[in-house]
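I am opening my notebook on a new structure today.

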Amino acid sequence: MSLHRYELGFLLIILNIYSLGLIDAVNVTASDSAANPLQAPGYQSHGSSAVVSSPVYKPAVDSSYSINLLSSFPEDVEISEYCSELLRLFGQRYVAYVNCLIPAARPVRVCQNCSPWYNSLSEVFVNISSDQLGPGNVSCRDSILRSDRLMLVFLLYGNLDTIWEKSNCEKCVTKDFKGPNNDTLYYLTLLNQTITCFEKYKEGNHTELCKNCKNTYKELNDLYSGMEKNSTLCIDLEDSMNMTRKLWSKDFGCSYIGGETIPVIAVSSFILFLPIIFYLSSFLHSEQKKRKLIHPKRAKSHNSLMNIQDKQS
Amino acid sequence: MANITKKVSWSSRGDESGAAGEETPLLNGSEQSRPLRQMSSGSTVFQIGRLSTVDLEEEITTEEDSARGRPKEIPHNEKLLSLKFESLDYDNIENQLFLEEERRMSFMAFRCLEISRWVICGLIGFLTGLIACFIDIAVEQLAGLKYKLIKENIVKFTEAGGLSISLLLWAALNSFCVMFGAIIVAFFEPIAAGSGIPQIKCFLNGVKIPRVVRLKTLVVKVVGVIFSVVGGLAVGKEGPMIHSGAVLAAGVSQGRSTSLKRDFKIFEYFRRDTEKRDFVSAGAAAGVSAAFGAPVGGVLFSLEEGASFWNQMLTWRIFFASMISTFTLNFFLSIYHNKPGDLSNPGLINFGRFESEAMEYNLYEIPLFIAMGAIGGGLGAFFNFLNYWLTIFRIRYVHRPCLQVMEAMLVAAVTATVAFVMIYFSTDCQPLGPDHTEEYPLQLFCADGEYNSMATTFFNTPERSVRSLFHNPTGTYNALTLGLFTLTYFFLACWTYGLAVSAGVFIPSLLIGAAWGRLCGILLASTTSTASLWTDPGKYALIGAAAQLGGIVRMTLSLTVIMVEATGNVTYGLPIMLVLMTAKIVGDYFQEGLYDLHIKLGSVPFLHWEAPATSHWLTAREVMSSPVTCLNRIEKVGTIVDTLSNTSTNHNGFPVVVQVSGDDEPAKLCGLILRSQLIVLLKHKVFVELARSRLTQRKLQLKDFRDAYPRFPPIQSIHVSQDERECMMDLTEFMNPTPYTVPQDTSLPRVFKLFRALGLRHLVVVDDDNRVVGLVTRKDLARYHVGKHGLEELHLAQT
C-alpha cells in the first residue's frame with residue numbers, strides 16, 4: 001500500500017511540471033491506482049482520477065486550458081525547444097526509475113534491478129546541467145535549473161541522487177551499470193546456496209539445519225565480512241545478509257554456543273581473589289611506614305603568655 | 001655604588017638598624033651564631049584555644065622530656081608536614097650583584113628579554129602539542145593492536161569453547177603493559193605517579209617538590225601514561241599532559257638540560273624560580289589545552305589551580321602558549337589522519353559536537369540538571385572518601401617499589417577480568433550500526449550482525465567509551481548495562497587512582513558520570529509518556545560527566561570552560577556551570593577535592609588562598625621559629641660550613657646581622673642570605689683573605705649563581721680545608737639587603753597574606769630595635785588548619 005502512496009506522491013509532483021509529455025504515464029498509473037483508492041499524504045483525495053481532475057491540478061494537466069496568473073511570455077524568455085525536449089526526457093526517465101525503485105524497496109533489490117534506470121536518468125541530468133551550449137546557442141542549465149527559487153528539477157534529481165548515494169549501489173554493479181559485478185554475483189550464488197539449504201532442512205529439527213548448512217553459511221558470512229572490510233557492499237547485499245543472519249541466529253537459533261561458564265567463573269574468581277591475598281599479606285607482613293616527628297624550634301612560651309596578658313590588660 | 005640601607009618593614013615602629021658600617025671589623029662570628037636547639041611545642045595535635053596558654057606551657061614541659069629522649073614515631077596520616085619539601089624563591093633577591101647587572105643591561109636587552117619570553121611560550125605550546133600528539137598516536141596504535149589480538153582470540157574461542165583462555169590472555173596482556181608502566185614509575189621516578197596535577201599545583205604554590213620538573217620525570221610520565229592506558233586501566237591521559245607541559249616549560253625556559261648535561265647558553269636570564277614559575281604555569285595551561293582542545297580552559301586552569309601570581313601580560317602569554325599547543329596537536333593529528341591542514345581535531349579527548357536539535361535543552365530541565373549535580377557531588381565525595389583510605393593504606397603498607405608494581409599489575413588483571421565477566425554475562429545485544437561508531441565490536445553470544453553493548457563500554461579505550469556514551473543514538477545501551485557499568489567502573493577507577501602508574505582521573509570520572517547520566521536520561525524517558533521531550537540521553541550523559549568530574553576534582557571555573565570548549569557548544573555553559581556549582585557545594589560538605597586530599601596526604605606545606613579562619617589572635621611571635629641561626633656580615637668560613645652541614649636543621653635562609661657595639665648587645669638585622677648562595681660562595685672560595693692575596697681574581701657575578709641553579713651541590717661535596725676554615729667571608733655583596741620583616745605582634749593572617757601574595761620564603765620577625773627574634777617560613781604557616789575541633793596544628797615529620 002505504502003508503495004503506491006509514494007508512487008502517487010511522486011507522480012503528483014511530476015504532474016505539476018510536465019503537462020502533455022507525461023500524459024501516458026499518468027494514464028498508466030491513474031488506471032493502476034484507480035483500483036486502489038488511496039490517501040495521498042497531506043490532503044484528502046478520492047482516488048487519483050479525482051486528483052487529476054481537481055481544480056488545483058487542472059492547470060498542470062491541461063496547459064491549453066490554463067488560467068495562469070501570467071499569460072505566456074515573449075519568445076526569448078521561454079525555454080528553447082531543445083531544453084524542453086531534454087526536460088521531457090528527464091521526466092520520462094525519472095518516472096521509470098521511480099517506478100523501478102518502489103517495488104524493489106522490500107526486500108531491497110534497488111541495486112540489482114534499478115541501476116540501469118539511474119544511469120539513464122543521470123545521463124539526461126548531466127546533459128541538462130552541462131554548461132556546453134546546445135543547438136541554438138542555449139544553455140539549458142540556466143533556463144531549467146537556475147531560473148527560479150524552487151529549482152524543482154535540481155531538487156528532484158537531488159532526491160534520487162541521495163537515494164543512490166545512500167544505497168552504495170555503485171559498489172555492486174558493473175562500470176556500465178548494466179548488471180551486478182563479479183563480486184556481487186559470487187556473493188549471490190553463495191547466498192542462494194545458503195537459502196536453498198535453509199529451505200531444505202527447514203522442516204523439523206533445527207539442529208540438523210545448523211549442522212548441515214553451517215559450512216555454506218559460514219562461507220557466506222566470511223565473504224560478507226571480507227567485503228565489509230573492503231567496503232564493497234551495497235544495500236542489497238547488506239539487507240540480504242541481515243535477513244540471512246536473522247534467520248540463522250534468531251529463527252533457527254544456530255549461533256548460540258555457550259555452556260562453558262564454569263571455567264570462566266573459576267578463572268575470574270581466582271584473579272579476583274588475588275588482590276585480597278595481596279592486601280592481606282602486605283598488611284600483615286610489610287612493616288608499617290612510620291614518620292619521625294620533628295620538634296620545631298619555637299619561641300619560649302612565656303613570651304606569648306606575657307604577650308596575651310599584655311593584650312588583656 | 002649605591003649602598004642600600006633602606007629597610008622594608010611592615011611595622012610602623014622603629015626599624016632603624018645600626019647603620020651598617022663600611023669598615024665593620026672582622027668579628028669572630030661564632031659567638032653570635034646562636035646555638036641550635038630543639039624546642040618542643042607539643043607533639044600531639046592539640047587544640048589551640050584562647051584560654052589554653054597556660055595549659056600550653058604545662059604541656060610543653062611535660063612532653064619535652066619524652067620528646068628529647070628519642071624522636072617519636074607515628075604512622076603516616078594526613079596531619080603531617082614533611083621536612084623534605086622546601087619553598088621556591090619566588091622573591092627576587094635584590095643584592096648588589098643584581099643591581100650591577102641591571103645597570104649594565106641596555107634598553108634593548110630588556111626588549112629582547114620580553115621577546116624571548118614570547119618565543120619560549122610559543123616553543124612550550126608547540127612541544128606540548130607534539131607530546132600530546134605522540135601520546136595519542138602511540139596509545140591508539142598499541143591499544144588497537146591489543147584489542148585486535150584479544151578480539152581475534154575471543155572470536156576464535158567463542159565457537160570452539162575455552163573463553164577462559166581469552167580471559168587469561170586479556171588479563172595477562174593488561175598486566176604486562178601495566179607492569180612495564182609501573183616499573184619505570186616505581187623504580188625510576190616515583191614522582192611521575194598519578195596525574196601530576198597536585199604536584200604542579202604545589203609547584204605553582206611555591207613548594208619545591210623534588211625532581212618534579214626534570215626531564216627524566218617527563219620521559220617516565222609520557223611512557224608511563226601510554227602503557228597504563230594501553231594496559232586497560234581505568235585511567236586517562238589528560239592529567240599527565242598537564243604535568244608534561246609543565247616539565248617542558250621548565251626545561252625549555254632554562255635553555256639547558258642538567259640531566260643531559262647540555263647547556264645551550266640561551267635564556268640564561270630566566271634561570272631563577274620566579275621566571276620559571278611563570279613558564280611552568282604556561283606549560284600547565286598548554287597541557288590542558290592540548291588535552292581537551294580548550295585553550296581558554298587551559299588559561300583558566302592555570303589561574304584556578306595553579307598560579308598564585310598573576311598579571312595581564314603573563315595571562316596573554318599563557319593564552320598564546322595554549323593556543324599554539326592545541327593547534328599544533330590539531331595540525332599533526334590532521335597529518336596522521338591523512339587530512340593535512342584540516343584543523344578540526346582539537347584535543348586528546350574529543351567530546352564530539354553537540355549541535356543537533358535533539359541536544360537542545362529547555363528551561364524545565366535546569367532543575368533536573370541541578371539535581372544531577374547534587375548526585376555528582378555526593379558520588380564524588382564518596383569516591384574521594386574511599387580513595388583517601390586506600391591512599392593511607394598504600395602509604396603505610398604498600399610503599400616498597402616491587403609491591404607497588406605488583407599492586408598495579410593486580411589492578412590491571414582485575415580490571416580485565418571484571419570487564420570480561422561483565423561482557424560475558426551481558427545479554428544486551430544491539431544491531432551493528434551503519435557507520436560503525438564502535439571500533440572493536442564484540443559479538444560474543446549475540447546473534448550474527450549484532451554486537452555486545454557492554455563491550456563497547458569496556459572493550460575500548462576510555463576516551464572512546466565516553467564519546468560513544470555522549471553520542472550514540474537512543475537505545476544503544478539499556479539501563480541495566482549502564483547501571484552495572486557505572487557501579488563497577490566507579491570502584492575500579494577509585495581503586496586505580498593512586499597506584500604507582502602515571503595516569504589521570506579526568507577520563508574515568510567523565511566516564512562514570514556519562515554512564516549514570518545517560519542512565520538518568522533513559523529512566524526519565526521511560527517514566528514520561530511524552531517521550532519526545534526526553535529523546536536524547538546524550539545531553540544527560542554530558543551533564544552527568546560534568547557533575548561527576550566536578551564532584552571529584554572540585555574545579556569550577558576552568559572545568560566549566562573546558563567542558564564548554566570540549567563540546568564546542570556555548571549554550572551548554574549555563575547548565576554545566578550550575579551543575580559544577582552544585583557538585584562542589586554538595587561535595588565540599590562531605591570531603592575535600594581529590595587533588596587537595598592528595599596534597600594533604602603528601603604532607604606538603606601548601607598555602608591556601610586565605611589564612612585559616614579564627615586565627616587572628618595568633619601573632620608572629622607564636623608562629624615563628626625561634627631562636628634563629630644568624631650569620632654575621634663578615635663570617636668565619638668554618639662557622640658557615642658547620643651551620644650548613646648540620647643535618648638536624650636543614651635551614652635555608654640565614655638572617656645576616658651586624659654587631660653594633662659590645663659583645664653583649666644583640667646584633668641587628670642587615671640582610672638575608674640563602675643556603676644556595678652560601679654554597680656557591682664556598683665553591684668559588686670567595687674569602688676575604690684570598691681576595692686580598694689575589695687581586696686579579698674574577699669578581700663573582702650573578703651568572704655564577706644562575707649556572708648552579710637549580711641543582712646546587714650539597715654542602716658535603718664542597719671541600720674546605722682546615723686553613724680555609726679560618727678565613728672570613730664578606731656577605732655584604734651577596735645577601736639580600738632588604739628582606740621583608742614584620743614586628744612580633746603581626747597577626748597570622750597578616751603574615752599569611754604577605755607570604756601568599758609576595759611568594760616569600762623567609763619572613764624575618766624583628767623586635768623594636770630591629771633585632772632578629774624569629775623567622776617565619778612556609779611550614780610555620782602551613783601547619784595551622786581548621787579541623788573538626790577548631791584550629792589545629794600539623795606536625796613536622798621526616799618522610
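**Entry 1: disulfides.** I began with the link of Cys111(A) and Cys169(A), which is left-handed, with -80° about the S-S bond. Its S to S distance is 1.9 Å, and a disulfide here is a pair of cysteine sulfur atoms within 2.5 Å. This pair links distant parts of the chain, 58 residues apart: Cys111(A) is in helix H6 of chain A, and Cys169(A) is in the loop between helix H8 (152-167) and helix H9 (182-201) of chain A. Helices (H or I, at least four residues) and strands (E, at least two) are DSSP runs, numbered from the N terminus. I found both Cys111(A) and Cys169(A) buried; buried means under 20% relative accessible area, exposed over 50%, and partly exposed in between (1.4 Å probe, protein chains only).

**A note on the model.** This is a predicted model, where local features need pLDDT of at least 70 and side-chain atom pairs count only at pLDDT 80 or more, while totals for chains, interfaces and linings use all residues. Residues are numbered from 1 along each chain as its sequence is written, chains are lettered from A and ligands numbered from 1 in the order in which they are written, and side-chain values use heavy atoms, with hydrogens and water left out.

**Entry 2: how many disulfides are there over all chains?** I get a count of four. One of them joins Cys100(A) to Cys114(A), S to S 2.0 Å. Cys100(A) lies in helix H5 (residues 81-101) of chain A and Cys114(A) in helix H6 (residues 110-129) of chain A, so this pair ties together parts that are 14 residues apart in sequence. Another disulfide is formed by Cys197(A) and Cys213(A), with sulfur atoms 2.0 Å apart. Its link is left-handed too, with -95° about the S-S bond. I looked up burial as well: Cys197(A) is buried, with a relative accessible area of 12%, and Cys213(A) is buried at 0%.

**Entry 3: a sheet in chain B.** I found an open sheet of three strands in the order S14-S15-S16 (chain B), with mixed pairing. Two strands pair if DSSP finds at least two bridges between them. Strand S14 (741-743) and strand S16 (772-777) of chain B stand at the edges with a single partner strand each, so one side of each has no neighbour in the sheet. S14(B) runs parallel to strand S15 (residues 762-766) of chain B, joined by three bridges. In this pairing, Pro743(B) stands opposite Val766(B).

**Entry 4: where do the chains pair?** Strand S1 (residues 290-294) of chain A runs antiparallel to strand S1 (residues 73-75) of chain B, with three bridges. Lys290(A) has Pro75(B) as its bridge partner there. S1(A) is also joined by three bridges to strand S19 (residues 795-798) of chain B, again antiparallel. Ile294(A) stands opposite Leu796(B) in that pairing.

**Entry 5: Leu410(B).** Is Leu410(B) buried or exposed? I noted that Leu410(B) counts as buried, at 14% relative accessibility. Leu410(B) is found in helix H12 (residues 401-425) of chain B. Leaving aside neighbours within four places in sequence, Leu410(B) is in contact (heavy atoms within 4.5 Å) with Leu274(A), Pro275(A) and Phe278(A).
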